[in-house]
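Dear colleague,

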Amino acid sequence: MIKNLNLNHNLTPPALALALAHALARSLALALFLLFPFQLFSTPPRIPSPNSAKLHRAYQSRCDSLIDFYANRPNGGYIEIACKLYRGKDIPWALAKLDTLMQNPSGDMFWMYPFITVTFAGHDNLPVEVQKRMRELWRTYTPYRGDTENHWCMYYTAMYLITQMYPNEPGESWFNGRSSQENHLEARDYLISWMDLTTSKGQGEFDSPDYYGVYVLPMAQLYGFATDPAMKQRAAMMLDYLIADFAAENLDGLYVGGHSRTYPVQVLEQFQTSAAGIFWLLFGNTPFQGRGEAAIVALSGYQPPEILYHIATDRSVPYVHRELKRTRHRIRHSEVRNAPVYKYTYMFKDYAIGSLQGGILQPIQQHSWDVTWAIDDPRQGYNTLFTLHPYSSAYELTMYFPEETKLMTEYVVRSKGTYDSADKWTGSSPYEQIFQHEDALIVLYDIPPKTRFSHVDGFFPKTLAKLEFDPSKWIFAQGGNAYIAYYPLAPYRWKEEEKNWRLHSTQLKNGAVVQVSPASAFASFEEFKKAVLSLTLQTQLKPKPSVLFTTLRGATLEFAYDETPKVNGVPVDYQNWPLFDGPFLQAKAGSRMLEMRYGGRHRLLDFNTVSVREWVEAIP
Amino acid sequence: MTKHIIRLLLFTIFLLFQTGLAKSRLYVAVLQTRSYTVGAPNPPAGLFRWEGDTVWTHLGWRSPRLNGISTDPQNPKTMLLACGNGVFRTTDSGQNWRITTDHRVTEVQDIAVHPLSPNLVCGATAYGIWRTSDQGETWLSADLQPKPAFMQTITADCSIKDRFLAGGEGGVYETTDGGKTWYRVAGPDSAVLDLQQCREHPNLWLAGTEGKGVFLSSDGGKSWRGASGPISKEDIYAVAINGANPHQMAAAGYDTGVFISSDGGRSWRQIKKGFSWPTIHALSFDPEVNGRLYIGTIGGGVFRSDDLGKNWQRLGLPGAEVWDLTFSEE
């Protein structure tokens with residue numbers, strides 16, 4: 001090793017010490033390489049495989065077609081302008097449209113991100129005088145920073161990039177009176193602190209199929225347009241991170257299980273989300289839909305590492321995947337600023353069942369659990385089943401928003417119209433508790449009297465291939481190739497609605513036991529029913545709801561309201577819940593690291609050192 | 001005769017002097033539409049200055065979350081605003097603005113410039129209290145004991161240097177070291193939504209609370225007693241004391257109309273007539289006209305009464321939600 005070191009006799013003592021340290025480090029690396037049965041790579045971070053070129057070509061083709069999709073549209077807004085300018089197509093139309101839009105900017109950070117896309121992606125075809133007018137808007141238009149994590153990510157990414165483009169300008173030239181340098185440093189500081197928080201405690205606005213895109217797009221913009229190599233590297237790593245997060249919990253491009261936020265339509269039609277649009281672009285594992293967020297990824301030049309493709313698409317072996325997230329910042333009614341969120345998802349090619357632990361983990365739009373089954377065309381939707389208590393309370397809202405208690409609900413209903421609706425299909429409840437083990441789940445409710453909307457609803461779509469009510473009270477269903485058994489703990493009414501049935505129960509002490517199985521595990525649906533009917537099931541509702549249930553896989557689950565659940569007599573260890581845990585992703589809480597694994601391949605994102613490492617285990 | 005002319009001349013000069021030096025202007029913090037949402041194309045919101053009749057001038061940002069206004073009494077051209085995205089400052093009467101805070105400071109609910117040392121400013125935020133001793137150039141997080149998550153209101157003690165009172169989810173807090181350290185004082189056992197001091201009688205303080213009406217202190221905020229009667233169960237967003245007659249007080253909140261007391265807070269009568277917007281978030285007595293009361297409603301703009309609520313005059317800003325209302329010397 002020393003022989004390979006180009007010793008320069010003119011080196012100063014510190015430089016010599018540094019050179020020797022490097023030599024020692026190389027020796028250590030070589031020793032590790034020889035000692036351990038895998039190959040060690042530090043850089044470059046991506047190891048090619050026989051599929052790499054093919055996957056890359058396919059991805060690039062989707063990028064090109066998406067950019068063309070927007071560049072060829074006869075009308076539209078900023079994304080169409082950006083793609084046309086990027087392609088050099090319809091430039092007069094694009095500039096005229098841009099001129100119109102610039103006359104009355106609005107939308108705060110939802111103006112900032114597409115405007116930044118035009119500014120950078122379309123830069124080469126923007127005449128100087130147009131660039132000047134665009135620059136002037138950053139002085140005259142006053143975008144609001146917003147009040148959610150995604151707002152801030154978009155806002156500060158835009159501030160970071162625009163002040164990178166105009167680096168030495170005084171406060172008077174910016175809408176907020178702060179100089180280029182002040183804005184740039186503040187934006188950088190926020191973005192890095194958000195990355196650090198996310199990779200140590202999880203996202204606050206976590207796993208939202210609808211808002212997924214507004215995290216991916218600012219990271220794509222940073223990756224594509226930042227000139228600082230360190231920020232570019234961070235952005236690439238955060239893109240890998242966000243994509244890995246979804247990849248392990250997607251079924252044909254649909255984001256399954258528990259979410260921090262979703263919408264009334266999207267909770268039933270999961271394809272209609274930015275997450276699905278972006279996964280079409282990244283992996284082609286779901287049908288095409290035009291999504292501006294995805295177009296920004298395409299324009300950025302980002303390419304997902306191959307390992308993510310496999311994690312996103314290989315569902316040949318069922319697996320349990322756990323994640324730790326956090327609530328958004330709590331400002332009232334809480335001792336902690338960010339309470340932990342424990343996610344649990346069981347994935348298989350035919351179905352997924354996933355959950356949060358229940359309680360108010362996010363205001364307004366939480367989705368606490370569901371079963372989702374694979375269908376031939378994910379665009380059809382209605383391939384999901386879940387329950388909820390439609391809670392509506394200023395208590396929940398003021399936990400997360402600063403407005404006055406009695407004004408709060410009205411303010412929320414302005415933009416989230418179903419929040420105060422008794423028959424809504426989204427939302428959290430402080431009286432809902434959930435426990436899941438593999439593909440069995442127990443959900444319990446203990447709703448105090450006089451609670452607004454004191455009932456429990458269950459969503460059963462009409463797309464179910466089978467639906468049978470057994471005298472034992474079990475409800476048996478088949479969705480795609482998934483058999484589903486649902487045991488309601490309390491009496492209910494069965495109400496028909498346009499595209500679904502609603503299991504409606506007004507019992508305050510309530511709950512359900514859910515067991516899912518691959519259809520392929522049984523000779524017939526009848527055999528599945530027999531197997532479920534033979535399982536041990538003990539339930540009670542008073543003094544509080546509780547369940548003892550032996551699953552199809554032989555585990556005995558005990559869960560009582562307000563008590564720690566047990567599996568085979570052992571309490572679930574929530575204290576040591578990992579940031580990521582499953583066959584594909586591993587990360588310890590607080591680590592600021594994420595290791596991806598697939599078929600002997602490993603990819604480690606280390607945000608402590610802002611580095612990526614890949615290696616391959618030697619497979620006998 | 002000469003004596004009378006001289007007296008009249010002197011009186012005229014006095015009046016002109018008074019008017020010229022002490023004329024106050026009314027400013028309000030406004031959300032201009034009830035259908036506002038983040039990211040939507042909203043009409044102008046933020047700071048408005050009353051020009052008389054129903055005429056208002058919008059100043060600075062179209063800020064959708066302007067919660068509080070405070071001016072430097074020694075230099076009224078300097079004004080600080082408590083906003084959802086930080087603390088804004090102007091030093092030229094609203095011509096130019098700067099956000100003085102960075103990403104660490106957000107959801108600023110109220111702000112107070114200390115009148116005895118105007119470089120000292122404290123802001124009440126959803127995440128505690130922040131302070132600056134250079135009028136916003138640098139901000140530091142204050143130490144609160146016990147730590148509350150949420151602070152709603154803050155007022156500088158006009159008679160004691162370095163002293164402020166603040167209110168929030170945990171009740172009333174006091175600092176005597178310029179905002180560095182804060183301690184909870186014996187006070188209302190409810191969230192405190194507004195705090196006001198009588199400038200002319202500085203030991204007299206009034207607090208509005210969530211669900212428990214108003215509380216009064218006559219010892220500078222050291223101890224508090226709640227008002228009885230129907231007001232005692234209300235959410236009170238705004239309180240005011242008439243400096244020229246400290247027996248006159250006003251309070252208002254969620255669906256309350258206006259409560260008036262003419263006996264120093266012992267009894268309160270409720271007025272809901274004369275305006276169609278019973279939820280009121282801001283009110284103030286006119287510092288120059290004894291007994292003149294201004295209210296800022298949620299959804300109906302600004303109203304004024306010269307007879308303690310018997311009759312009201314609408315001052316414009318139709319549809320506006322008025323979050324704060326303050327007078328500043330011109």
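The notes below take a helix pair in chain A, and then strands in chain B.

Please bear in mind throughout that this is a predicted model.

In chain A, helix α2 (residues 52–71) packs with helix α12 (residues 292–300) at an angle of about 120 degrees, the axes lying 9 Å apart. Because angles of 65 to 115 degrees count as roughly perpendicular and those over 145 as roughly antiparallel, α2(A) is oblique to α12(A). The crossing of these two helices is left-handed. On the α2(A) side the contact is made by Y59(A), C63(A), L66(A), I67(A) and Y70(A), while α12(A) contributes G292(A), A294(A), A295(A), V297(A), A298(A) and L299(A). Sorted by class, the contact of α2(A) with α12(A) comprises ten nonpolar residues and one polar residue, with no charged residues.

Turning to chain B, six of the six residues of strand β4 (residues 66–71) are buried, so this strand is largely enclosed by the rest of the structure. Strand β4(B) pairs with strand β5 (residues 79–83) of chain B in the antiparallel sense over five bridges, and G68(B) stands opposite A82(B) in β5(B).

Chain B also holds an open sheet of four strands, in the order β21-β22-β23-β24, with antiparallel pairing. Its edge strands are β21 (236–241) and β24 (269–271), each of which pairs on one side only, and the twist averages 25 degrees from one strand to the next. Within this chain, strand β23 (residues 258–261) runs antiparallel to β24(B) and is joined to it by three bridges, with R269(B) in β24(B) as the bridge partner of I260(B).

With best wishes

Methods
Residues numbered from 1 in each chain as written. Chains lettered and ligands numbered in written order. Predicted model: local features only at pLDDT ≥ 70, side-chain atom pairs only at ≥ 80, totals over all residues. Heavy atoms only, no water. Axes fitted to C-alpha atoms, helices over the stretch in contact; angles between N-to-C directions. Parallel < 35°, antiparallel > 145°, perpendicular 65-115°, else oblique. Left-handed = near helix turned anticlockwise from the far one by under 90°. Contact = heavy atoms within 4.5 Å. Nonpolar A, V, L, I, M, F, W, Y, C, P; charged D, E, K, R; others polar. Buried < 20%, exposed > 50% of the residue type's maximum accessible area, 1.4 Å probe, protein only. Pairing = 2+ DSSP bridges.
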